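Hello,

Here is the structure I said I would pass on. My notes on it follow below.

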Amino acid sequence: MSAKNAYFKLKTRPDGMYLEVFPPSEGGMVLQPAEVELYLDAVLNAAYDKAVLRSELKKMGNMRKEILLVEGTIPPVNEKVMIQVAQDRLSAKGVFYPPSEGGLTMTKQDIIAEMVKCGIKYGVAEQNLERFLNTRDYTETYVIAEATLQVEGADAVIKYFFNTDLTRKPKLNEDGSVDFHNLDLISSVREGELLAELTPAVNGKPGIDVCGGLLRPAKVKQRILRHGKNIRLSEDGLKAYSEVNGHAMLEDDQLFVSNVYEVSANVDTTVGDLVYEGDVLVHGNVIAGYKIQAKGDITVEGVVEGATLIAGGQIILKRGVQGMGRGLLQAEGNVISKFIENVTVEAGGYVTADAILHSNVTAKGDITVDGKKGLIVGGNIRSGASISARELGSSMGTVTAVEVGIDPAIVEEYRSLEKELAANAEEMEKLMLTLTSLAKKLRMGEKLQGDKLLQFKVSNAQRETLLKRDEEVKGRMDVLRGAIDSYEGGTIKVHGNVYNGCKIIISNAIFYVKQEISYCRFIKRQGEVKVESYS
């Protein structure tokens, strides 16, 4: 038998019991006195001199050595295994020691019996025991038992597909200023959009230590998709979808979707500009310079300053708007406001207010200013149906233009085409100057080359394009003019006074108010604006 590490065995002689020590092979471990003493204390029933043993072991070097332990007759010592169970009970190790002359070797059943005495009940390392029994390598450390470790599980995880972090700070602009407009605080979602997906928890599996104890895996965290209204779960409960266009919110791990986005205070630096798929409700004011754009209605319970509001539905302002000359209200539906001052209003439906002051208001439907004040003073007011007010203009002669009789979009398109035609005329004049100059050179026999030739070709192509566009514009204007001229509907009703300085337009007919008129109605008949009494 050979071994890499140093090893020893007991040897019986007529004069006593000896310890035969074999040095290690190259690279092997030397013998530790404490290990030898631990073994001897376990197998000998006689006292021996530990000091002498330590001294002799220290002097042996690389030579085989015999050390007398006990004089006299000593019974044979059988093969022995020294077992150590790990503190965490996840493994047990054994070191085998040879028998003395006449001693018995261990069988596999003997080894297992020793393991049972040490409390080992599970995980016998059969292969390692067989390896020892085949090689009988002594003082080698063998793993003789191993635990089956527990398999840890995994917590349930919910992945959200919208922004759940509403604490992000404003971005810095390139000039170093803070952008308080694009705060991105709304997690807009559309109907049918996937909002969240749950990966269920995976339970762990228990293990068993070498003493038969249960190794419990850590408890996993179970979760479900907790949700409120406007949310649909998949059949397996693992996916959440929005049932409406709106915005998604996560409050106390509960998922909500609302098609009304509520701002509890003002739309200002704390909120930024809003772009939303549903309705927006502002409980405070909308501060100058900020913008709200909603696919649905916009309702503001406070005052709107010089801000921009664009709604796919209605705009409702419970305390009115002071546009400061730069505000815009644009609604595909109606605009309802306490008052309208110094602002541009564009409505696809009707407009109603208690007063309209120095504003540009356009509505496809009626414009009604019949509240307690009922004032329309200054600005340009245009309706595709009718205009009704208590007072029109002011005693100071404030210039006030009111127009009815045809869809304002048609009038706006006509006026836009007029501007385009005028711009085209200016551009044509410049082109003709260039073409005339180049043509003159050609008549004088000069041959155009390079940049001049290219300029002539480009200018001539632009001239042809402008001529073609002018024909299209004039044709469209003829159609629009025919619609405007033929329309005689639309009325303007005033329940109080119409003051000097007012301009009344019905389709293409114009009437200038030069003296105060009371309780009247303006209509178009036979191509002219007529004034009728109204009570």
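Glu 20 counts as buried, at 4% relative accessibility; the cut-off for that word is under 20%. Please keep in mind that this is a predicted model.

Which residue does Glu 20 form a salt bridge with? The partner is Arg 64, and the closest N and O atoms of the two are 2.2 Å apart. The pair links distant parts of the chain, 44 residues apart: Glu 20 sits in strand β2 (residues 16-22), and Arg 64 in the loop between α2 (50-59) and β3.

Glu 66 in turn meets the side chain of Arg 13 in a salt bridge (2.9 Å, N to O). That pair also joins distant parts of the chain, with Arg 13 in strand β1 (residues 7-13) and Glu 66 in strand β3 (residues 65-71), 53 residues apart. Arg 13 is partly exposed at 31% relative accessible area, and Glu 66 is partly exposed at 27%. Together with Lys 11, the residues Arg 13, Glu 20, Arg 64 and Glu 66 are linked in a network of salt bridges. In general, side chains of opposite charge can pair when their charged atoms come close. The count for the model comes to 22 salt bridges.

Next, helix α4. In α4 (residues 126-135), Leu 129, Phe 132 and Leu 133 are buried. They cover an arc of only 95° around the axis, which means they are on the same side of α4. Gln 127 and Asn 134, on the other side, are exposed. The buried residues of α4 pack against β5 (91-97), α3 (108-117) and β6 (141-146). After α4 comes Arg 136, whose phi is positive, near 50°.

The strands here belong to an open sheet of 3 strands in the order β4-β5-β6, with antiparallel pairing. β4 (80-85) and β6 stand at the edges with a single partner strand each, so one side of each has no neighbour in the sheet. The twist averages 30° from one strand to the next. β5 and β6 pair over 5 bridges, and Val 95 has Thr 141 in β6 as its bridge partner. Helix α4 lies across β5 and β6, at about 150° to β6, while α3 lies across β4, β5 and β6, at about 40° to β4.

Last, the nonpolar cores. The largest has 54 residues, and Leu 309 and Phe 522 have the most contacts inside it. A second, separate core of 24 residues includes Phe 8, Val 36, Leu 69 and Val 70.

Regards

Conventions:
Residues numbered from 1 in each chain as written. Predicted model: local features only at pLDDT ≥ 70, side-chain atom pairs only at ≥ 80, totals over all residues. Heavy atoms only, no water. Buried < 20%, exposed > 50% of the residue type's maximum accessible area, 1.4 Å probe, protein only. Helix = DSSP H or I, 4+ residues; strand = E, 2+ residues; numbered from the N terminus. Arc of directions from axis to C-beta. Contact = heavy atoms within 4.5 Å. Pairing = 2+ DSSP bridges. Axes fitted to C-alpha atoms, helices over the stretch in contact; angles between N-to-C directions. Core = buried A, V, L, I, M, F, W, Y, C linked by side-chain atoms within 4.5 Å. Salt bridge = Lys/Arg side-chain N within 4 Å of Asp/Glu carboxyl O.
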